[in-house]
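Me: I would like to learn how to read a protein model with some care. Could you take me through one, feature by feature?

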Amino acid sequence: MVRPRSFRSLHSLALAILAAASSSSAQLVSTGLSVTFNDVYYFISPYSSGKLAVLPKTLSSLPSVYGFKPVTVVGGAFARSDLPELVANWTAMDDVFQPAFLQAVFLSGSDDSCVGHTAIANGVSSLVLPINDTTIPSGPHFLETATGSLYPVYRLYEDFAGAFTESLLQTPEGKFQPLSAQVPGSASLTIGVPSRLYYTKTAEKPLAGVRIGVKDIFALAGVKQSNGNRAWYNLYPANNVTAPSMQRLIDAGAQIIGLQKPSQFANGETATADWVDYHSPFNPRGDGYQDASSSSSGAGASAASYEWLDIAVGSDTGGSIRGPSGVHVFSATVHHVMPLSTNLDTAGFLLRDPFLWDVANTVLYKENYTSLATVEPKYPKTVYTIGFPTHASSSAANALLLDFLDSLTTFIGGAAKPFNITSEWASSRPAEVGDLTIPQLLNTTYPALITKEQTALLRDPFFRDYAAAHDGRTPFVDPAPLARWAYGDSLPASALQEAIRNKTVFMDWWNARIMPPVADPAQCSSSLMLYVGSAGAGAGSTRNRYLSPPQVPFGWSTGRISVYSGCPDHVYPIGQVAAKSDVTNHEELFPVAVDIMAAKGCDGLLVRLAQDLIDAGILAVPKTGGSTTGGDILK
Ligand SMILES: *[C@@H]1O[C@H](CO)[C@@H](O)[C@H](O)[C@H]1NC(C)=O
Ligand SMILES: *[C@@H]1O[C@H](CO)[C@@H](O)[C@H](O)[C@H]1NC(C)=O
Ligand SMILES: *[C@@H]1O[C@H](CO)[C@@H](O)[C@H](O)[C@H]1NC(C)=O
Ligand SMILES: *[C@@H]1O[C@H](CO)[C@@H](O)[C@H](O)[C@H]1NC(C)=O
Ligand SMILES: *[C@@H]1O[C@H](CO)[C@@H](O)[C@H](O)[C@H]1NC(C)=O
Ligand SMILES: *[C@@H]1O[C@H](CO)[C@@H](O)[C@H](O)[C@H]1NC(C)=O
Ligand SMILES: *[C@@H]1O[C@H](CO)[C@@H](O)[C@H](O)[C@H]1NC(C)=O
């Protein structure tokens, strides 16, 4: 049964109509049509993918809404006898297609002699018909019987994790408009995904049909951006250009399906306590009420919640990708968009599939990413560890961490070696720093870098524009960015240059003395380095905590090494541990993850290693759901 879900978007009125009786003209444009078909929510795109030259007269028995009938197009050289196997393959690989679309099947390469009823899938009698147009993609469509036009089908899903700020429809020209559809859901958006059957991956379009969510700090043409701030969203018009990094994904065939929640202006915020303008997304793992971390929270929560989403694009300055992915999925490290610090900002992906990770990195970073997909890697033999446990018996998480370390070193034929940055620095630090420790040298470096630039490049023009539009008023800003900006204002102008100098001292030391690259591209890095990303903690990081006001992020931590040195720091989910949740009063599974680093420029090595460890059974591809092995999401 096909049932209409929206009146405002009637396709048959899609053409702009000139109001004949008036001197002014009125434009009436379809924004798509929502329907249910066998209780599945669908959206019919307003952008036709082609037209039948001859409209068959035999379709009257098909269900119909406003003259739209569900049909299937089969391109390529398939015989009628191939169809049952083809359709079985389609059903397995695509969440949009369902056999009910098979009541009419337009088979290319066939002629009138093939017309007739046949059984392709159980329970459906299919009428096979010829079609000449080979440009219409294979897959489910809605046929507008008044015109013979075929329209692509999107499946609609509820954003129950609250991960998105805007639901988008990508036009055939790679521009964007809001997706006008709503399925049931409490305070949540509806996201639409096109059938996977429309797309074929090629060398030019390696991301064809890959469904991507983008952190709402990147510019997309035709779309308003929020940066996590309501005043910003409402003050500025829609972007008129797409960020070059996102354009590379689109040019490679990606389908961007929405913008996703960042913490405000990509500053660190804790769930609920600091998120005043927008509500922090829900982390699906464990008890469902763990902090989704920040700032790429929408990205992390969605990659762990939705099987219908392939990739979430985040950005990382001081841990914004690595934080959210520590609780969920794989992640890595572009330039960029809304500045937090132009010296530190990188864009990167959060996703479940490390094979897709390599392809997406190649598209995004181009010449700055060396894929090892076709090279036999020679993994470095030294695996440094920082802050690793020493006794497996001390906790279930520690047992997992040590077991992973053991499997990793065995796999690469190397050895683990504890790394003490304090003593290494003391023995090889550059003469120019005298006897300063790292925490002394770098204590205020990160806050100086992120605040001096964000105040100058973002806040000052924003406040000026807002004041001009609102009679001198100041816009609302969340407490976390305000606390950081106030610190930036307290610093002299020279602090930025000083911070860049300090960062460079550390970067040069790290990249020359500790983790230099090697000439052989199959090895790339002199060593690997591991530290604990998340140890399965449950209690203590739930989102219902009352916290003290946000602090300026002073100090030193292992997570800052990659921030200052520019070396890649990726997150591998390695397992999970059971712990009693204060929220559910029940044992829940909480993820354990390691961070792994290699020399600057060796991102490809870490991606290839993730793939090889999956092939060897040492890592597993994380699933969506309440745990990294799947299961219901508590909500
Ligand atoms: C169905 O998928 C299998 C496995 O990928 C493939 O070998 C086969 O050729 C496919 N059949 C058709 C008709 O596409
Ligand atoms: C396909 O093209 C042939 C030759 O131009 C034409 O005779 C036939 O009617 C077309 N069939 C359809 C279904 O469009
Ligand atoms: C795009 O918008 C910017 C301001 O946001 C403006 O300066 C520029 O002229 C616009 N470009 C086009 C092509 O409209
Ligand atoms: C590669 O890195 C260089 C130097 O940082 C930068 O100028 C260039 O834009 C980068 N290219 C891409 C595709 O990101
Ligand atoms: C690292 O070295 C410092 C200085 O030698 C020492 O005080 C500290 O205890 C060491 N840390 C660890 C974890 O061994
Ligand atoms: C870091 O700087 C802050 C602010 O100046 C100061 O309060 C704190 O004591 C410093 N910490 C260290 C380890 O120097
Ligand atoms: C830079 O390092 C000096 C020590 O050489 C230290 O006094 C200063 O606080 C540091 N400043 C920043 C912004 O990193």
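**Reading the fold**

Reply: The protein chain has 14 helices and 23 strands, where helices (H or I, at least four residues) and strands (E, at least two) are DSSP runs numbered from the N terminus. This is a predicted model, in which local features need pLDDT of at least 70, side-chain atom pairs count only at pLDDT 80 or more, and totals for chains, interfaces and linings use all residues. Residues are numbered from 1 along each chain as its sequence is written, chains are lettered from A and ligands numbered from 1 in the order in which they are written, and side-chain values use heavy atoms, with hydrogens and water left out.

Me: What share of the 635 residues of the protein chain counts as buried?

Reply: Buried means under 20% relative accessible area, exposed over 50%, and partly exposed in between (1.4 Å probe, protein chains only). By that rule, 57% of the 635 residues are buried.

Me: How many of the residues of helix α4 are buried?

Reply: An α-helix has 3.6 residues a turn, so residues three or four places apart point the same way. In helix α4 (residues 297-305), 9 of its 9 residues are buried, among them S297, G300 and A304.

Me: Which residues surround ligand 2?

Reply: A residue is near a molecule if one of its heavy atoms lies within 4 Å of it. Ligand 2 has A53, V54, P130 and N132 around it, and the protein covers 40% of the 360 Å² of accessible area that ligand 2 has on its own, as computed by the Shrake-Rupley method with a 1.4 Å probe.

Me: What does the C-alpha trace of the protein chain span along its principal axes?

Reply: The C-alpha trace spans about 85 × 65 × 50 Å along those axes.
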